[in-house]
Structures are given as structure tokens and as C-alpha cells.
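Here is a short briefing on how two copies of a protein chain meet. Look at the structure first, then read the points by topic.

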Number of protein chains: 4
Amino acid sequence: MNTSFFGELLQTISDRGRALLKRERAPSEKSESLIDLCDHLLSSRGEASSVARAADILSQYDKLTTGPRIAFFEALATRFGPDEERMKAAIAGWQQKPGDDTVSELHAASEPRRQELFRRLNLAPGGTRALVAMREQVMDALARRPDLAALDADFVHLFSSWFNRGFLVLRHIDWSTPAAILEKIIRYEAVHQIRDWDDLRRRIDPPDRRCFAFFHPALNDDPLIFVEVALEKEIPAAIAPILASGRQEFLPPGQARTAVFYSISNCQRGLAGVSFGNFLIKQVVEDLCRELPKLNTFVTLSPVTNFASWLKGELANDSSRAVNAADRAVFALLDQNLWWTDPVVFDQLKEPLLRAAAFYFLNARNRRGAPVDAVARFHLGNGARLERINWLGDTSERSIKQAYGVMVNYLYDLDHIERNHEAYAENREVVASSAVQRLLRPPLELVPVAG
Amino acid sequence: MNTSFFGELLQTISDRGRALLKRERAPSEKSESLIDLCDHLLSSRGEASSVARAADILSQYDKLTTGPRIAFFEALATRFGPDEERMKAAIAGWQQKPGDDTVSELHAASEPRRQELFRRLNLAPGGTRALVAMREQVMDALARRPDLAALDADFVHLFSSWFNRGFLVLRHIDWSTPAAILEKIIRYEAVHQIRDWDDLRRRIDPPDRRCFAFFHPALNDDPLIFVEVALEKEIPAAIAPILASGRQEFLPPGQARTAVFYSISNCQRGLAGVSFGNFLIKQVVEDLCRELPKLNTFVTLSPVTNFASWLKGELANDSSRAVNAADRAVFALLDQNLWWTDPVVFDQLKEPLLRAAAFYFLNARNRRGAPVDAVARFHLGNGARLERINWLGDTSERSIKQAYGVMVNYLYDLDHIERNHEAYAENREVVASSAVQRLLRPPLELVPVAG
Amino acid sequence: MNTSFFGELLQTISDRGRALLKRERAPSEKSESLIDLCDHLLSSRGEASSVARAADILSQYDKLTTGPRIAFFEALATRFGPDEERMKAAIAGWQQKPGDDTVSELHAASEPRRQELFRRLNLAPGGTRALVAMREQVMDALARRPDLAALDADFVHLFSSWFNRGFLVLRHIDWSTPAAILEKIIRYEAVHQIRDWDDLRRRIDPPDRRCFAFFHPALNDDPLIFVEVALEKEIPAAIAPILASGRQEFLPPGQARTAVFYSISNCQRGLAGVSFGNFLIKQVVEDLCRELPKLNTFVTLSPVTNFASWLKGELANDSSRAVNAADRAVFALLDQNLWWTDPVVFDQLKEPLLRAAAFYFLNARNRRGAPVDAVARFHLGNGARLERINWLGDTSERSIKQAYGVMVNYLYDLDHIERNHEAYAENREVVASSAVQRLLRPPLELVPVAG
Amino acid sequence: MNTSFFGELLQTISDRGRALLKRERAPSEKSESLIDLCDHLLSSRGEASSVARAADILSQYDKLTTGPRIAFFEALATRFGPDEERMKAAIAGWQQKPGDDTVSELHAASEPRRQELFRRLNLAPGGTRALVAMREQVMDALARRPDLAALDADFVHLFSSWFNRGFLVLRHIDWSTPAAILEKIIRYEAVHQIRDWDDLRRRIDPPDRRCFAFFHPALNDDPLIFVEVALEKEIPAAIAPILASGRQEFLPPGQARTAVFYSISNCQRGLAGVSFGNFLIKQVVEDLCRELPKLNTFVTLSPVTNFASWLKGELANDSSRAVNAADRAVFALLDQNLWWTDPVVFDQLKEPLLRAAAFYFLNARNRRGAPVDAVARFHLGNGARLERINWLGDTSERSIKQAYGVMVNYLYDLDHIERNHEAYAENREVVASSAVQRLLRPPLELVPVAG
């Protein structure tokens, strides 16, 4: 989103904004008076006028154009950090006499002053929402202004406390949900786009579909994250039947055995880094178990976000051990136009692609030693197991481009979640079904092996 | 509440509890395994099992008897403070290279580990409520165990963030409010006891009565603080007509000009130190203004919590300049049984008592230089003005004992709140009406003065 | 309630009221102008002003004192009946040419004009409630003024249509129900008095207690009828353990097998003759089955409303075959003070009393050939079975007086409801368990009789 | 909708259906068993099984195809009318002894038995909705089967009682309304079609738009009628600015002086003949007055439903006095393609068309002596005044075709509603503003008049 041009622009206008802030001749400059206001808000000892002052700051902030906004962030980063003199004194105090009081003073002294500023801004009506939006803009700037990282980290720290799972409310989303909320579900869906209200209705209204969202009271009608669920008999291998329009027959919920989480979308970019997904899935599993005691399988049907780019990288690298020579030859077929519509072609690709996908999940690692796939990191980190790799699970343009149409199922087995999670958290071990593991073996070996 | 006997008992059982914690032979001891669980919760890197573990800890905590509970608090205070080695390293790091990263590490290192522990405990269903209850028990212990002060301060710090005004919801309480909430209003009323459901109804159901409460979503049906309001024509001087049973005629709200806040009660002892009252009053003033645009006066009718004990102190001190000799002689009448029912007696007491009360509010100061009266500190700190001192405003046993029946009105004048607040916050100046100030003058002076 | 004195009073004031209505000199008399207003409302052809006019009539009616009110009823009964001339013409029309049109005209002509009047009065805000109240007052007058019976019947006819089960809403009543509704539950409970809010809470708050009520949208917060349910393991034989205060242990609902309907109260006297109880019980049975699939027994624990007076009648009648000589002698013990507290005494009474009760239920009949017991008529008419007669089921003063402490269980067995109902509806057959039938047999005969 | 072909088809299949009903050999035929079931339901004396039986009947009815359905209606019309013998006896009884009892019996005897049948069918869950749907189908058949008129009238009679205004609930419809309801608003809008959800949102979400609907509890989420309101400064003359997409500026509600009812749609065809619109408008006027006390003008912006066809009729009639010769010549321009887009053309048409429209409203009468225009009859009957005739108020295809683009405003002036209504109800007098009346005058007179 931030092109290099835009990045430089940011730098420039920030310089100018900063210049403006320093010049004393420009007392009317918005971001300067903003900073004064922030100083006042922080230094006031009572709450008598804090609410009004906080509202005033947020309203002025809202009118800033990009340049002054960056300058404001810069000021937050530099002028509202901790007070160095106080820190030095606190360190001396603690070293002299270690104890609760001196530790506490040191902790307080080393807290960036902007944290208290944000807590006070939160007093304003709509303050939480405004702060989440402010952080979005910090994130936008961050790509080009790494010096704002500490500011961003302070937001994450505060939001993690404010959006603690204990404060979240789970709500069932269906066709009797207010339109104002449904409209946001349409807008926020990030995995399988919701085209219009009819498409939405197909996902939330039929008896064999469910949708759940987390809300936070301070953002009232704005969901934080939501998941779409299909009730099925078996674990599905493809997304199209789930999203199909014109379904006439619905599975009576009592006959369902499998709950499929086929789409999970975060709604608030400004809350990136505060995780809800894990709690959402577990809460939904619990709620569905209570409503439909016969459900016994909880799986996702998930996209594979960068399998294609990874595979291209491996193919470009002649010494890659991810792909054997025979498979490498077959992959030339992927250049063929609409290869996934021609059975003669796609049948040849099936085994090599599944094998490569298995390698991608089980063996490929990023620099930090974790799986390459972000979605996999999320679910494996939650304690799920990689259950199945589905050939041509999604032939939408996007999925073909990202993953050659491959989709996967992650299985949430409540009895093993904890163990799987530990294995992943400690050793980055990818827990996978034997079916997935078997894909890795070269075809020839399949014959002699007994298992 | 904590008698000396009980205090020593606490000390003793805490010693024993501590002993148990140290002995390795007692692995089954509840509070020890609790501490192990806390260690696990803090050290786990994923969230997979945190919710369950947090619930487990809170449930075990709930079963502790006093001794092990104090031992548990002690462990929180000593073993879950900051890590000294890490602090030393962080200090060295910062001194070597001051910057965002090293400050941030120092701030993190100096944060008592129990803060993160509490944040994780809050993941459990009902976690917030349980932590508020836990802090109540810390407060109970604190009187005898000042070493727990840092632990208590950590609770206040977290709760201040979690119960930020931005997360509070104002609700109108009336006769169509669920009984489960009304029951708590009855229980929590701390100023003028609500005797039964009929008494409650008289305070919330008539058209000229209002009640508002702040709620926090994590405590759902449990109010944090509430205020009872009477709509009147004039500023009232006594509480009895407001609380009277059997009122037949109600003031049509449209004819009211004065909103009287006659009772404000905090509900959650565990949230002591986190202030809501100021926000509540201002929000209610705003809401009432919108509903009844003809209201033009917002006052309290407030108790005077320790006027009597203060006056006794002054009378016992022969050199006190708070009471002149003539008044001092009259005050002997206060020893007379039921003095407030005998006009011959109470007429003599009126002027001296009002004069002493004016001195009590305007001149008397505690060690920190603030007014002696806690209720006065609250309202003056909010920017209210001491408007009137009412003679025999409340002849209930409690009020006679605390305040010789004196009540006062604090006036919230939105145009002056800010200024009053500043005057109080900076100089502890008590803003009072001229009527109150005039009470101070000795009677003789009253004659020559024209005004 | 209507003593003879009051009855005559009614007659008198009605005469005077009527006089007033006739005199033309009293145009300001309330009930006369009322009747004019009613005439106007009935004759107006559009709806433009009907709502306001209806509201006006109801408000004037509300202010009538007893005399003019009776006069008003009289006018409704006489002047707002059908139009005789129109009827005669309609009869002639139909006789001449029978057909839809002439039938319809005859039906319309024979409808008392007050029915349309009531429909129009119902347009006013709160009209339904006002009409229900008006009918209550008609019922009060009816005892002494049988000429108002047709007026009363018209109310019942309209209310039966308006309060059709299709328009009723079932609501669960619990401790989170608004106090305004709970207050009415306390007031309306007619079987086992609810003493105060604590007593109420014991009946609706514990996990093994339920309460359900029917509401009609036009009466919003005012229940029509409600039932109190206890979840138990077995069919209970006495009421005291169900109503006991201080219960510490509650049956987990999942362990309950029996739902006991121990109190059913009609709330609106003005709706007497419109039956809801049958629908309420069946709806509650359905809802409980869905919530707690392990429930397999649905019974009442019911009072026996006039067993004692019936038995006294039989004992006074020397030729009664309801009581044999031996039992008759034992019944003298019933005159003993507090007989039910002395085991030596009550043990002797047990068998004779149970035998008499069985006779009372199985054989005794009122003039219309139906069981003597009103509660029995209700439940048997609904298709329940008389399951058990309980000795000393209720030793409250009222129950001892009404029924010598006897209580009974009626069993609702969904598989047999229809059949039981038919048997009762067609032949007044009392379906009873064999245990109840066996009670009838004299002890000696038990041996020789084959079955 | 019912073409002649379809009409005859109805006749035929009805004959066949009737045949089936009569043959005793076809006991399994649906509509026959239906009639048996209805007989049972009517004859059963208790309610024990009525709910289930009613549900059964409605479910079987639902499966009927057209033929058997018509046969079923026929049976309702013929076999469930009043009992002739009973009527004769009742007549004799009344003639012999006129009185409440005999009148009541005559009224009961002359009530078609199907009315009680419908009341009992209404016991079933969803019964009301099913009966409304049944009546829709009766209406469809009615066009070709006038013998079903009495059946239809019975529905109207019952529905008028059940859907009494006293039972209706007004709800504000906005963007926070559940989607399930909004979807119906889109579907039911009958005046200015709502194209999609964005179009809907433009009508209910902006601060200067309102929508209100009446609901009946038995049809829960299905509105009966709704009205769309625009808040404006002045009385609007055209619909396009109101419906425009892309409006950026909204009138702050506090600045509005005029509430414009620009669309009123009945939702339930099966309730035709039961009027709600009058009550809806008056209730909305009241509610808006309370919310926005500065509103002082309440008008509609209404279509003119058959002005064009009326005018064509007059033009075809050479002796019509509705159009003078000069105007008649100008009207030839109406045949020109897209005449309303060419200022040269439409300027010539303006005065003649407005004059003709004034004649249409003020002088033209249908056979019953009422105004030709159905919308006018509705609003005038409610007591509104014809305020203004708007030239080219709506240039949509439909409006050009129906009314040559003319729209009108009806003014609801609360002070004159009653009087206007009386004038209309008694004399069919069309109350119109002087501006409208002036339009009638021939153009020549316009010159000398000064005003």
C-alpha cells in the first residue's frame, strides 16, 4: 500500500510538519496545539475536565492531514517517552535501596508517558475507537518510519490489556442481526469475499450455517473478529459446495457431525498483534458442542496463502531438495492456461503438487524456524493438527494464484490441543495426520511399505 | 473489622502457611500447588491452555482458608515481583545505550511479574470478578500486613486501566429493572439504608425520582456505583421529606428545577482507589439536562461524616481556636438526651453548631492540608461548591452521632466546575457560597455589616 | 365480597343512577354524557376521531362512582342490545330469500351493538386493559344484578377472540425478570401465598425451580396466568419441602425426572371464563421437555378445594353411602384441636380420610354430573389422570380447613391426554390410577375381592 | 393476475375437486379428510387436542393444490355456514319470547360455523399467519368465484377484531433493525420501489429520514404496513430529490419543519379490508411531534393513481365538461414521445394538465359519489386536505403512464382533521387548499385577479 513514492512523501511532509512544530511563529498550527493539549491532559491532577479535554484532542487529531499527523506521531514518540532524569534518579534509588517502593518508582519512571496519555484519551466518548484508528495510522506510517516502533508497541501493550479475552462478548450472527452489523461482516470478510446481501444470507441464515463474532463493549456494533461455520456430515475437501448459491436442501443440524470453520476474518486492523482467533475458535467449539451434542469433528477448511510463491522459489533453485526431478518436470504444466480445467493436465499434476504441499507444510521453514505458511502458524500454534491437504479445493482465481488451488483442513481435537500446542510452541513441531505425512514419501516407496 | 486479636491470628497463620509453602514434604498443600500453577501460567508461551489454567487457579484460590490465602498473597508479593537479575541487566543496557528498546526492556523488567499473572488470570470466565474479590481480601489483610502494599498497588494499577471510564456503561435503574440488579442496589446503598423492596420502590419508581448506575461489561449485572436523584423545585435542606413513605403527590418532572443527588454509593469494595463518582455525576447531569431542559440547579444533599468527632476533639483542646468561649459553653447541651427533639434546647444550639460546621469545612485541615471531611474532599475535588449548611437536615441516629444532624449541599455549576476544581487541586481552596462564609463570622459582627 | 347489604346498596344506587339518566335536567351527569359519547362513537363512519373519542369515554368511565357505573352498565345492557326493528326486517328477509347475504344481515342485526362499541373502545391506548377492568366491575355487579348477564357474556365472547392462544406469549419468569412483573407475581399468587420478595426468590431463582407466565401484548407487563414448577426426582407428596426456606442443596436440573406444577394462578379476574391454564400447562411441558430431555413425569401437587365441606355434608346426612359406619365414628377425631399434630390421633384418621377422599373424587358428583372438586374438573378436563391422594400433604391452616390437609397429584401423560380428555368430556369419567381406585375398597374386602 | 383462462381453469378444477369430495370412495383425498378434520375440531368440546388438530389441518391445507383448495373453500362456504334448522328454531324462540337469551341464541345460530372454526385454527402455532395466507388464496379465487364472498367477509370480520389497533405495535425501522425485517421492507414497498440494500439504507439511515411500521405480535417479524418519512424544510413538489442517491448533506433533524410521508405500503394482501393506514399516520405524527417539537407541517407526497386513464376517458367523450376545447387541443402533445423531457412541449401542457388534475380531484366522482382517486379517498377519509398539485413531480415511467407525472400533497393539520373528516364522510366533500381550487378557474380570469 505504501509505495516508495508515498514513503518518501511521508518523510518529507513529516520534516515539514516537524519544522512547523518547532517554529514558534506558528502557534495556530494544529499539531502543535495538539501537543500542548496533550501536555495539559497529562499534567492535570483531577478528572474534572479530563473528559472534555480528551474529546477535544481526539477531535483535533481527526482533522489532521498526513504531514501534521506524522509530526504528531513523532512528537508522541520523542516527547512523550519516559523522563530521563526521573529514570536516572529511580535507578539510583533502587540501587541504593532495592524494595517495592523503588522498583515501583523505576517501573513508573520507565513507562513512556504516552501510555498514561492514551489511558486519559480513552476517557472521551468514543475514545477507544479513536485510539484504535490512530494506531492504524501509526501502522501505515511505520513501514517508512521505523522510529515509530516504540509508539506502536505501546498501543499493542495497552490494547492487549483492554481487549483481554475476559472483556470480549461472543454473539451469534444470523439473519435477525441488525443490518448495521451485517454490513460490517460483508465489508470485513477477508477470506472468501461476500459479494452482496444474498451471498451473506446464504452464509448465516440456513439451518446448517453459523456465524459467530467477538465484540468489545467499547466498540459496540463493530465486530473484532468473526468465523463462518458450515455444519456437514464429513470433512469437506473443497470450498465451492459450501459457498454455492441455490442450495435447496439443508442438512438438519441434528444430523451434522462436523463443524467446518471455513473463514476467519479479523476486522480491526488497528488491533493487529492482539490475538482473538484462538479464543474465538475454542469458544465456538464449546458453544456448538452444547447446542449440538452429536458434533464430533471440528476442522477448518483453510487457504494456503503462499504455497505458489514458495514453490516458484524452490523451482528456481536448482539445488532445492523440496522437489524431485520427476516432479520438477511435471510442474511445467502449471504454465499452461487454465490448467485446472483440463483433466488430462491436472491429473498429472495432482501427486506432485500434493507432495510439494506436504513438504511445504512439514519441512519448509522461515528464518525463525517456523512454518512458512501464516495460516498454518496460527492453527498449529492453537494446537490444531494438519489433517488433510485437498487437491483443487478452491479454483477461484485468487486461490489458483496463491496456492494452485490447494486447500487444507486443520483439525481441532480437544483432547490433543494442549499436547499439539506444546509440541509446536517448544520445538516448532508440525503435528500432522499420517495421511499428510504419507504424501511426502516418493510414489515408488508406497508399494513395499506395509503401513 | 480486623481486631488486634484477629490481626495477630493473621500473622500466625501466615507464618504457618509460609512454613507449609517451604516444606517440600507438603506437595499437596493447596497454596503451594497454586503457586506452581501460577508459575506455569506465566511461563506458557501460547494461549492454548491459558484459559483453562487460569480458571483452575481461580477455583483453587476460592477454596483457600485464611492462612494459606495470606501465604498466597505473600508469595505473590515476594516471588512474583520483578526479576532482579533482569533489572540489573536492563539498567546496564539502558545506561550503555539509552533508547526505545532499552527503556522498554527496563520498563518490562521492572514490572512486577504478578501484573502479567493477573492479566492472564483475567482470561478465565468470570476472571475479572474473581480478581476484584481477591483484591478485597488483600485489602482485609493489608491492615495487618503492610508488606502487601505493593501487591495492592498492582491491583489498583490494573483496575484503573480495565475500569477506564471509556468502558463503563450508564444505565437508568427503575422499577422495570431486573430484580437481580435491584437486589444489589438494596444491598449496596451505603448512605441512607434501603430497608426493603417498598423503600426501594419509593426511590426509583415515582416520576420525580431517578437512579443511575455505572456497569462494567465484565461484571455484567453488578453495579460499580450508583446515585439516587430527587427532582425538586428548590434546594432541599433535609433528607426526611425525600425518603418519606406514603408520599401521595409527585412533582411532575417538567416542573422540577433542581436535581438533588442525595445518595452516592460505591458498590465494589475491591475497586477502592479507582474513581467513578466524578464521571457518574457529570454523566447524569448531562443526561438529565437532555431529558429535562428546564432543570437549572444540580446539588447534592450530603452527610457530614465526622463533624461530631472533630468537634469533640476541638472541645477537648482548650486552646482550639475553632470554637469561641460562648459557643463552647452552649455545646454542653449536646450531652442532653434527645436534645434535637426539644426546641428550647436545639434553638440555642443552632447558631453555634452552624458556625462550628462552617469552620470545620472552611478552615479545618487534615495532615495533608486537605479538608477533614471525606465527602467534601470528593465533591470539592470534582469542582463542586459548598453551597449551604443545613441545620437538623437528618435526625437519624447515625447522622446525629456523626454530625449532630447537620447536612450540606454541594452545588455542581457546570460553568464553574473547572475553575473550582483547579482552585481545589492546586491550593486546596474550599470554594463556598457567601452564605456559608458568613456563618463563620462571630454574631457580634453581624450587626455592623450591611450586606 | 358482595354482602347482602352491599347488594341492596347496589340496587338502590342503581335506581338513583337510572333516575339521573332519565332526567333531562341533568345533562352534566357523567354517565349520561358517557352514553351520548358511546352513541357518537358507534355511529361515526370513519376512524378519524375514533381513537380520541374512545379514550375520552374510557377516561370518563374511570371516574364514575358506583351508582352511575351500575346505571351505565344498565344502559349498555338495555340500550346497546340489538336493534329490534332491524332484526325483524332481517328475519323477514332471510325467510323470504335464505342465502349468504340475508344470513349475514341477520347475524349482524342480532349482534348486540355493544360488541361493536367494545371493539371501538379498544382503539384507545390502553383500551384492552380498561375493558378487562370494566368487565371486572360488571362481574362485581352481576351477583346482585342478573339482568347484566348478557352484557357479561358479550365481554367473554370478545375476550375469547382477543385472547386466543395464538396471541399469547409465554415468558420464563426468573430473578432477572423486571421487578414490575415480579411484583405482580407476588400479588397474583392464589394457591400458596408468596409472603415477600425472599419467598418469591426461593420459587424462581434456584436451579431446580421454574416459573412461566402467559402474557398478552395489549396488557404488556401484566401476566394472564402463571405456573410455578419444582424439578424433583420423585412425585412429591407434600408441599412443605417444596416451599421451604433455607434450602441449601438444589437438585441439578439434569438429575430431575419429575416436573411438579405446584401452583397455577389466574391473574386477571376480568378474564374469568376465558381459559388459558390448559394451554399453559401443555406449552410448559413441551418447553421443559426440550430443555431437559430426561424429564419423564409431569404432575401437579394440587389442593383439594372443598373436601372438608363435602365431608361435613355427608357426615350430616345419615343415609350417605359415602362413609361407612366405622369411618364415621373415627371422624369424630377431626374435632380435636390440632389433631394433625398428634400421631396417635392422625394415624387413626389416615385410612378413613383417604377412603373418603377417594370417594369424593371418584364417586361424588355435582348437579351437572361433574366431579365436586373444581381443581379436579380443570385437570381432568385437560386430560390429566388422578394419580395419587396424599395424606397430610399440606398442614397449613387453610388446607386443614379446606381439605383436612389432603393434597393430590394429577399426572399429565402426553400419550394418554387425548383419551383421558375424551373419556371425561363425553362421560364425565374420572380417570384415576389403580392406587387411587384401591383406596375405595374397605380394608376387609381387600382379601376376597379378586381385582 | 387471474386471466380468463386461469379463471376457467379454476372453475374446472374446482368441479373436479368437488367431485372428489363427494365420492365416498376417495377417503384418502386430502381435502375431504381436511373437512372431516374441521368437523372434528369444531365438534370437540375440550381444548385438550385442539392445538394439535388445528396444526394438522393447517399443515394439510398447505399441501393442497389449486383444485382441492378451491373445493375446500367451497366446502367452507357451503357446509360451514350457519345451521338452518337451528336458525329457524332460534327465530321462533325469539319471536315467542324476545330477550337476551333468545337474541343471543339467534346471533349464535346465524354465525357461520366457519368463524368458530377459524378461531380454533388460530390456536395452532403460526395459526394467524396461516389464516392470513388462506384468505389471500380466497381472494385470488374470488374474482372467478363470487360465491365465496361470504367466506371472504368472514375473514375480514375476524381479522378486524384480531388486528384491532389496540393490538398493533409501532416500531421505528432503521439501520439497526434486524435484516430479516428490512428484507421485508424492501419486498413490500409498493409506491417507489426499493432497488437494493443501498437504496433501502438511503431511506432509513440518514438523520433526515424515518421509517415506521405497525407489527402484530402474532405475525412477529412481518410488518403490516409501513410509512417512509423525509424531514424537510418545505413541502416538497417532487419525489426525485427525496429518493436521490449520493446525497452528501443531510438536514439536521432539529432544523426540519416539515415531515413528508412519501410512501405508505400495505404489506399483507390477506388483510385487505382491514385498515391500518389512518392509525399509522396519526401515531407517527404524534411520535414525531414528541421527538422534534419544531415540526409544524405534516404532508404526504403522493402518487395520483389513475389520472391518465380518467383523462383519456374524458378526452374520448366529446361532451365531457371536464376539459375545455383549448386544453383538449393541447393534450394532443401528450402523444409525443418523451414529452416531459422537452421544455418547449411540457411548458404548454403545464396549465391544462394542472387544471384537469384539479377537476379530477375536486369534481370527478365514481359511481358511489366518491372521488375517483383511491389515494385521495384514503387521505381525505382520514381528514387530510388536498394541499397542492405538483407539476412533473415524478417523471418515472410508471408515474408518467399513470398520472402524466403529476403528484399531490395531502396535508394533515391536526386542528382540522376531525372537521375535514366529517365533511368528507357525510357529504363526500373534498377539502382542498385555495391554491388547488384556484387551478380550476379558466385562465382568462387569471388576468384581472390581482393576487
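**The contact between chain B and chain C**

Ten residues from chain B and ten residues from chain C make up the contact. The model is predicted. Between chain B and chain C, about 850 Å² is buried. Carbon and sulfur atoms give 62% of that area.

**Which residues bury the area**

- On the chain B side, the most area is lost to chain C by Trp175(B), Ala179(B) and Trp197(B).
- Together, Trp175(B), Ala179(B) and Trp197(B) account for 50% of what the chain B side buries.

**Polar and charged links**

- Chain B and chain C are joined by two salt bridges.
- A salt bridge links the side chains of Arg201(B) and Glu183(C), at 2.1 Å from N to O.
- Eight residue pairs are in polar contact across the interface of chain B and chain C, counting pairs with both residues at pLDDT 80 or more.

**What the chain B side is built from**

- Two helices of chain B, H10 (179-188) and H11 (197-204), each supply at least two residues of the side that touches chain C.
- H10(B) gives the largest share of that side, with four residues.
- By residue type, the side of chain B that touches chain C has six nonpolar, two polar and two charged residues.

**Chain A**

- Chain A contains 21 helices and eight strands.
- Of the 451 residues in chain A, 53% are buried.
- Among contacts in chain A with a separation of 6 or more, 71% are between residues 24 or more positions apart.

**To take away**

- The chain B and chain C interface buries about 850 Å² and includes two salt bridges.
- H10(B) supplies four residues of the chain B side, and Ala179(B) is one of the residues there that lose the most area.

Conventions. Residues numbered from 1 in each chain as written. Chains lettered and ligands numbered in written order. Predicted model: local features only at pLDDT ≥ 70, side-chain atom pairs only at ≥ 80, totals over all residues. Heavy atoms only, no water. Contact = heavy atoms within 4.5 Å. Buried area = accessible area lost by both parts, 1.4 Å probe. Salt bridge = Lys/Arg side-chain N within 4 Å of Asp/Glu carboxyl O. Polar contact = N/O pair within 3.5 Å; in protein donor to acceptor, adjacent residues only side chain to side chain. Nonpolar A, V, L, I, M, F, W, Y, C, P; charged D, E, K, R; others polar. Buried < 20%, exposed > 50% of the residue type's maximum accessible area, 1.4 Å probe, protein only.
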